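Here is a friendly walk through the model, meant to be read with the viewer open. Please have a look at the chains before reading on.

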Amino acid sequence: MNLKIFFSIIYFLFLGPLYSSEEKIKLLEIYKNLRCLVCQGQSIADSNSDFAATIKLVVQDQVNEGKTKNEIYTFLISKYGEWIVYQPTFSKSNLLLWIMPYFIFIVGGLIIFMIIRKSKRNKAN
Amino acid sequence: MKINITKFIIFSFIIFSLIVFWRGLKINQNYDTKNLIGSRIGNFQLSEINSDEQYISEENLKKNKYTLINFFASWCAPCRTEHKFLLNLSNTNKEIEIVGINFKDKKINANNFLNELGNPYNFVGKDIDGKISILFGIYGIPESILINNELIVIKKIIGPIDQIQFNEILKLIQ
């Protein structure tokens, strides 16, 4: 019996706060990826506005219900559009946004390669 | 020939970038939630402002041909300016039911507000912590949402209802 009490105290003293801090990290990650729609360039995490406070409450509820980050983002996108998340989702309309960096990287590399090859040829000649 | 290919790639890239920027300039940068038009409002349960025992849900709204859901608060000055249009809508039109959702307000202040200006609402619900407003994509008040009996959003008004918005609502419900 004493052992049970001892382990319970250990759990509440050490493991309890550990769990809640994990939850806090998850919440903070979500807040940081959400845009405060009524603020100037602030995320929900940074803002103390009324809107941010309400969004935080809703996110907390959904995390407590066991919803994943993506489920929470999908819910908020359905209500506020994609503008509410900082990291855009992969869709047909923003396909270009995702492909462009790779495209520029490949084309840029190709141009540099061609210029170097040309200058080498000129030197050789 | 090879240098021509390089020039061609650079030229194509510049043209492509210009097209992207030109199109980007034409995009409306003012954020609003009008993209909710055509979507269906979600599940909700709304308690009456003076009694937790009375409430409405989406099932009740299905019975109305049109419902205007209006978010208001006693502390919101623009809500006062739009109130006369809500009263007018409620008095002259039987096609539409108006549901008021009192947002982050004190019960006594909300009741005083309605006693002073008149009550245009068929049902007044409360949203003390603002969580219900998120279900409706609200980010500031006053905001109003016009839905049909299939719970599809047909109009969203951000800010106070004015004469133009009032006429548009009448047009939509006739």
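The expected span of a helix is taken as 1.5 Å times one less than its number of residues, and helices are DSSP runs of H or I with at least four residues, while strands are runs of E with at least two, both numbered from the N terminus.

A word on the ground rules. This is a predicted model, in which local features need pLDDT of at least 70 and side-chain atom pairs count only at pLDDT 80 or more, whereas totals for chains, interfaces and linings use all residues. Residues are numbered from 1 along each chain as its sequence is written, and chains are lettered from A and ligands numbered from 1 in the order in which they are written.

**Chain A**

Chain A has four helices and zero strands, giving the pattern α-α-α-α along the sequence. Its domain assignment, from an automatic or database source, gives domain 1 (2-87) and domain 2 (90-125). The C-alpha centres of these two domains of chain A lie 41 Å apart.

Burial is judged by counting other C-beta atoms, placed from the backbone, within 10 Å of a residue's own: 20 or more means buried, 12 or fewer exposed, and anything in between partly exposed. Of the 125 residues in chain A, 14% are buried.

A:Ile44 sits in the loop between helix H1 (2-32) and H2 of chain A. Why does A:Ile44 count as buried? Because it has 27 C-beta neighbours inside 10 Å. Leaving aside residues up to four places away in sequence, A:Ile44 touches A:Tyr31, A:Leu34, A:Cys36, A:Ala52, A:Ile55 and A:Lys56; contact here means C-beta atoms, placed from the backbone, within 7 Å. The C-alpha atoms of A:Ile44 and A:Asn33, eleven residues apart along the chain, are separated by 7.8 Å.

**Where the chains meet**

In all, 15 residues of chain A are in contact with 17 residues of chain B. Helix H2 (50-64), helix H3 (69-80) and helix H4 (95-124) of chain A each supply at least two residues to the side of chain A that touches chain B, and H2(A) gives the most, with five. That side has eleven nonpolar, two polar and two charged residues. In this scheme Ala, Val, Leu, Ile, Met, Phe, Trp, Tyr, Cys and Pro are nonpolar, Asp, Glu, Lys and Arg are charged, and the others, Gly among them, are polar.

**Strands of chain B**

Strands pair if DSSP finds at least two bridges between them.

| Strand pair | Bridges |
|---|---|
| S3(B) (residues 66-72) and S6(B) | six bridges |
| S6(B) and S7(B) (residues 153-158) | five bridges |
| S1(B) (residues 45-48) and S2(B) (residues 51-57) | four bridges |

Strand S6 (residues 143-148) of chain B is mostly covered, with five of its six residues buried. B:Asn148 in S6(B) stands opposite B:Tyr66, and B:Ile147 stands opposite B:Val153 in S7(B). The hairpin of S6(B) and S7(B) has four residues between the strands, and there B:Leu151 takes a positive phi near 65 degrees. A hairpin through two residues joins S1(B) to S2(B), where B:Leu46 stands opposite B:Ile56 in S2(B).

Conventions:
Two residues are in contact if their C-beta atoms, placed from the backbone, lie within 7 Å.
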